[in-house]
Amino acid sequence: MMIESLKHLPRPQLSNAELSGQFTDLAPALSARQAIIESARCLYCYDAPCTRSCPSEIDVAGFIRNIHDGDINSAAHGILKQNILGGSCARVCPTEILCEDACVRNHHAEGQPVKIGLLQRYALDHMKFASHPFTRAATTGRKIAVVGAGPAGLSCAHRLAMLGNDVVIFEAREKPGGLNEYGIAKYKLVGDFAQKEVEFLLAIGGIEIRYGQTLGGNLRLKDLHGSFDSVFLGLGLGASRRLGLTGEDAPGLLAAVDYIAALRQADDLTQLPVPARAIVIGGGNTAIDIAVQIRLLGAEEVTLVYRRDAAKMTATGHEQDIAKANLVSIRTWAQPQQVLLDKAGRVRGMRFEKTRMEAARLTGSGETFDIPAEAIFKAIGQGFDCADIDGLERDGDKIRVDDQFRTCLPGFYAGGDCVAPGQDLTVQAVQHGKLAALAIHRDLMAKMEAA
Amino acid sequence: MADLSINFCGIKSPNPFWLASAPPTDKAYNVVRAFEAGWGGVVWKTLGEDPAAVNVSSRYSAHYGNNREVLGFNNIELITDRSLTINLREITQVKKDWPDRAMVVSLMLPCEEHYWKNMLPLIEATGADGIELNFGCPHGMSERGMGSAVGQVPEYVEMVTRWCKAHTKLPVIVKLTPNITDVRLPARAALAGGADAVSLINTINSITALDLDRMIALPVVGNSSTHGGYCGSAVKPIALNMVAEIARDPLTKGLPISGIGGIGNWRDVAEFIALGAGSVQVCTAAMLHGFRIVEGMKDGLSRWMDEKGYRSVAEFSGKAIPNTTDWKNLDMNYQVIAHIDQGSCIQCGRCYVACEDTSHQSIAQHIEASGARRYEVIEHECVGCNLCEITCPVEDCITMVAQDTGKAYMNWTQDPRNPRREAR
């Protein structure tokens, strides 16, 4: 995938093998012995806080006990029955604000939670099932369309298939996985794990994926309405927000997610354009991801600029530490004011205005400073990029759903990042997909009974 | 500085730490290393009639804890598999080189007097300080009418002890098997036979684990296995009780006891001595960690004795016996109630589920507005069983607090609720 906006920039100095070496597992897997030692640390709490804090309701204490008892398949089954994408969640979940934050071993003298994420990964890396661990119920004769083969859509499809329904997934891109395939930092989901996980998920049967199906393009909601019994929208948030500045489309300025997608898809990392100096705008995990990865590719100076203080960044402390460990400079209390261009009209830096809080409102101070850079990466959030959801009521810029993930249109359900409220977490999307599937199935069965 | 030296039924030793009759005391090389490390004495691995016993392979297995620490240890080894001549020569040499250390020789022979009569002078000739009669090994030799097969029959215990006392001037220690209903009976028999002391416990019949693929217990010998003798820290509670049973039995009162069973550190030693042991014997802990553990035992015990003001081992030996009694003498009016220190509680809920599912429903779970859990003792339901305190992973978070009931001591024999109470 070519990154048009940066094609004038130089290519990395290192060889492909050396570059690939930079993108190995951020948190290496546990060995068998480490897993046993770590699982022994679990207190097997009753009404365990880790379980209560898992968005996908995994029985954490239960699966850790299975690992400790040497029963890896039961551990894996326990995880997967709640979260069929437990393998990627084990790698990408911000456990430091979820289960591991809740772990009682954080308390007092110990101050060290059980490594729940790594144990979950251990169980799923080492499970050995002769066939797919879940079987399909007797066929219901219902056919459901799922739009989007990201975590929400895949989770929904798997659960629907399990309940005996047939599913067709419509995916805009050429591969399934959504953000797991295109959006997660390369060192968090390494190699082709995302594809392997989808292959595993699909092995339950009854799920067909059609690629290159763009909602608002060659795919219309009303067509789906006619051909399927129900529709689940797991659209994600495909469009990057705009800064609203002159020069926004100049060469050198692009959305972080586009670069990350290109990086994740690149077979030869030496072909990626890499700026010597880069600016990242934003305070979320995507901002950290791009900043760290561009450093790993060889950028000399990477400055992450955020308009408030570090505590307000949505990137967790753990994420910020990763950035600091990779020598990313983090500048707070500044907002973009002007894209600085050279004579050829390419990015040469950015002018920022210092900010401060005034009467509980963020305000520009009028004082500015320039940061020179050959590339600027926007990581200021995502929104919708499809035109065909006009019939759906919104909450802000997200699709409004009820507690059963029903949209305002009968037969249409939605979940994942595209609905409100969402935490924009993979694990949350998986949970939405699962719960929406249960709701869809229940509604369809009720309808069949009534008929 | 506390004096750790002992005189155990006439056998002098610079400290009460002896190595039990077992693989670590099988030959001069090991015993010399043990003495160099500081052990006060050894009971030499059991000698028998020639030709020597023959062992199988493999021999040991273990019962593991959470972190692969060995909780219990199992063996199917027999008595020494080296010739009598070599053993006697080595015992003589080692005793000569280490005159201040206790050298006790363990013996196991068939239940016929001539075997003992012939063997005992040979032992005396080595310069050894005493003999220990192995009436305890529960595997292998017991099938041949020796070891625990003798220890389980008090009449045999008495008979063989008497033969030994008749044929040697050395102190005779009778080693008892725990594989018996009431350990006081063989102890009384030993005393009746003239024993100078008893030592206990020997190992307990055990199967530690199975290879579930092959459907064979461990340790595996070819395509089968057999039960072994269990030792290590898991058996300490059983050993402590048996020591106490003999120590507080009026019929064996004052009979010296060498305490054995799961001893691994100074605290274990202090407990055995407090319940009446005059010396202790160690095997498994040394087999798992080497002879160096004796340093910590010496330092720890002597530091603790200094703190408590005990100048010698004898000063606290048996000190816990008067406080160890029959159930019927316990105070029915004593009452403790659990108290949870909310400041150190980590909300793991273990006390709650244990009490709720299996005990007295005396802990309440409150869910606070923040979602946090709060566990509180329902005091009027609490019977003071200690279960919550035991399940709590935080030290001193749950304490059992003695209540002032205002009632005087009253035991079950005096309790009006007892239909068979003693008449006043």
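Modeller: Let us begin with a definition: a polar contact is a pair of N or O atoms within 3.5 Å, and within protein one must be able to donate a hydrogen and the other to accept it. Please keep in mind that this is a predicted model.

Biologist: How many residue pairs are in polar contact between chain B and chain A?

Modeller: Seven residue pairs are in polar contact between chain B and chain A, both residues being at pLDDT 80 or more. Two elements of chain B, α12 (350-358) and β19 (373-377), each give two or more residues to the side that touches chain A. Of the elements, α12(B) gives the most, with three residues.

Biologist: Which residues form a salt bridge, and how far apart are the closest N and O atoms?

Modeller: The count between chain B and chain A is one salt bridge. D47(A) pairs with R373(B), and their closest N and O atoms are 2.7 Å apart.

Biologist: What area is buried between chain B and chain A?

Modeller: About 1300 Å² is buried between the two chains, and carbon and sulfur atoms give 51% of that area. N66(B), N67(B) and I346(B) supply 35% of the area that chain B buries against chain A, more than any other three residues. In terms of contact, 18 residues of chain B meet 15 residues of chain A.

Biologist: Turning to the surface, is I207(B) buried or exposed?

Modeller: Exposed means over 50% relative accessible area. I207(B) has 53%, so I207(B) is exposed. I207(B) lies in the loop between β11 (204-206) and β12 (210-211) of chain B. Together with L210(B), L212(B) and M215(B), I207(B) forms a nonpolar surface patch with about 460 Å² of accessible area.

Note on methods: Residues numbered from 1 in each chain as written. Chains lettered and ligands numbered in written order. Predicted model: local features only at pLDDT ≥ 70, side-chain atom pairs only at ≥ 80, totals over all residues. Heavy atoms only, no water. Patch = residues over 30% accessible without salt bridge, like charges linked within 9 Å, V, L, I, M, F, W, Y side chains within 5 Å. Areas by Shrake-Rupley, 256 points an atom, 1.4 Å probe, with all protein chains shown as cover. Salt bridge = Lys/Arg side-chain N within 4 Å of Asp/Glu carboxyl O. Helix = DSSP H or I, 4+ residues; strand = E, 2+ residues; numbered from the N terminus. Buried < 20%, exposed > 50% of the residue type's maximum accessible area, 1.4 Å probe, protein only. Contact = heavy atoms within 4.5 Å. Buried area = accessible area lost by both parts, 1.4 Å probe. Polar contact = N/O pair within 3.5 Å; in protein donor to acceptor, adjacent residues only side chain to side chain.
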